[in-house]
Amino acid sequence: MPSDQELIRRIRTGDSDAVAELYRRYAPVLWRYVYARVGRDVHAGQDVLSETFLAAIRSLRSGTTTETVAGWLTGIARNKSADWYRQREKTTASNAEPATGAASAAGGVVADVLDALPDDQRLVLEWKYLDRCTVGEIAQRLGRTEKAVEALLYRARQAFRAHYETTLE
C-alpha cells in the first residue's frame, strides 16, 4: 500500500489510480465526519464529500503541500461543511429535523463525541474501530511508528471516554 505522500506525488502527475486510492482510503472517515456535520442529511453529506475531494485534488494539482493528509482533508471537509450551512441559511430558515429513535440518538452521541476530539485522535479511532485497520496500517497511513500510533490510540481512547462521560452527565 503506497504512503499518503506517494499518493500525493502520483496525483500531481495526473495518476487517476492514485486519486481512486486516496478516495478509497479517506472517503469512509470523511463521510462519517461530514454526515455528522450536516445534520445527518445523506444528500448534503454526499455533496459535501464530493466537494471536499474535488477541492483537494484541485489544490494538490496546483502545488499545495501537506504533511498530514488526514488532517488536511478534514480541514477541507470542515470548510465545505461550513459552506453548505451558509448556503442552506440563504435558501431556508428552517432547521434540519433531528434524528429519531434510540439507536439514532446513541449513534448521534458517539458521532458528537468523535467530532469533539482533535482530528488526529478522531481519525485513529475511526480507522481502528470503524474501518478495522491494524496499528501497522494506521502507522503507514500517518507516516508514524507503530509505537507512536499505539500511544495516540491510548490518548484518543482516554479523550473519548472523558468526552462521552461528560455527555452523559
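This is a predicted model: local features need pLDDT of at least 70, side-chain atom pairs count only at pLDDT 80 or more; totals for chains, interfaces and linings use all residues.
The expected span of a helix is 1.5 Å times one less than its number of residues. The protein chain has eight helices and zero strands. Its pattern along the sequence reads α-α-α-α-α-α-α-α.

**Chain overview**
- The protein chain holds 169 residues, and buried residues make up 37% of them.
- Take the contacts between residues at least 6 apart in sequence: 61% of these join residues at least 24 apart.

**Helix H3: length and ends**
- H3 covers residues 42-61.
- With 20 residues at 1.5 Å a residue, H3 should span 28 Å; the end C-alpha atoms lie 29 Å apart, so the two values agree.
- At the start of H3, Asp 41 places a side-chain oxygen within 3.0 Å of the backbone nitrogen of His 43.
- Just after H3, Gly 63 has a positive phi of about 105°.

**Helix H3: burial**
- Buried residues in H3 include Ala 44, Gly 45, Val 48, Leu 49, Thr 52 and Phe 53.
- Further along H3, Ala 55, Ala 56, Ile 57, Ser 59 and Leu 60 are also buried.

**Packing of H1 on H3**
- Helix H1 (residues 4-12) packs with H3 at an angle of about 75°, and the axes are 8 Å apart.
- Angles of 65 to 115 degrees count as roughly perpendicular, so H1 and H3 are roughly perpendicular to each other.
- From H1, the contact uses Ile 8, Ile 11 and Arg 12; from H3, it uses Ile 57, Leu 60 and Arg 61.
- The residues of this contact comprise four nonpolar, no polar and two charged.
- Two of the H3 contact residues, Ile 57 and Leu 60, are buried.

Technical notes: Residues are numbered from 1 along each chain as its sequence is written. Side-chain values use heavy atoms; hydrogens and water are left out. Axes are lines fitted to C-alpha atoms, for helices over the stretch in contact, and angles run from 0 to 180 degrees between N-to-C directions. Helices (H or I, at least four residues) and strands (E, at least two) are DSSP runs, numbered from the N terminus. Angles under 35 degrees count as roughly parallel, over 145 as roughly antiparallel, 65 to 115 as roughly perpendicular and the rest as oblique. Contact means heavy atoms within 4.5 Å. Ala, Val, Leu, Ile, Met, Phe, Trp, Tyr, Cys and Pro count as nonpolar, Asp, Glu, Lys and Arg as charged, and the others, Gly among them, as polar. Buried means under 20% relative accessible area, exposed over 50%, partly exposed in between (1.4 Å probe, protein chains only). A polar contact is a pair of N or O atoms within 3.5 Å; within protein, one must be able to donate a hydrogen and the other to accept it, and residues adjacent in sequence count only if both atoms are side-chain atoms.
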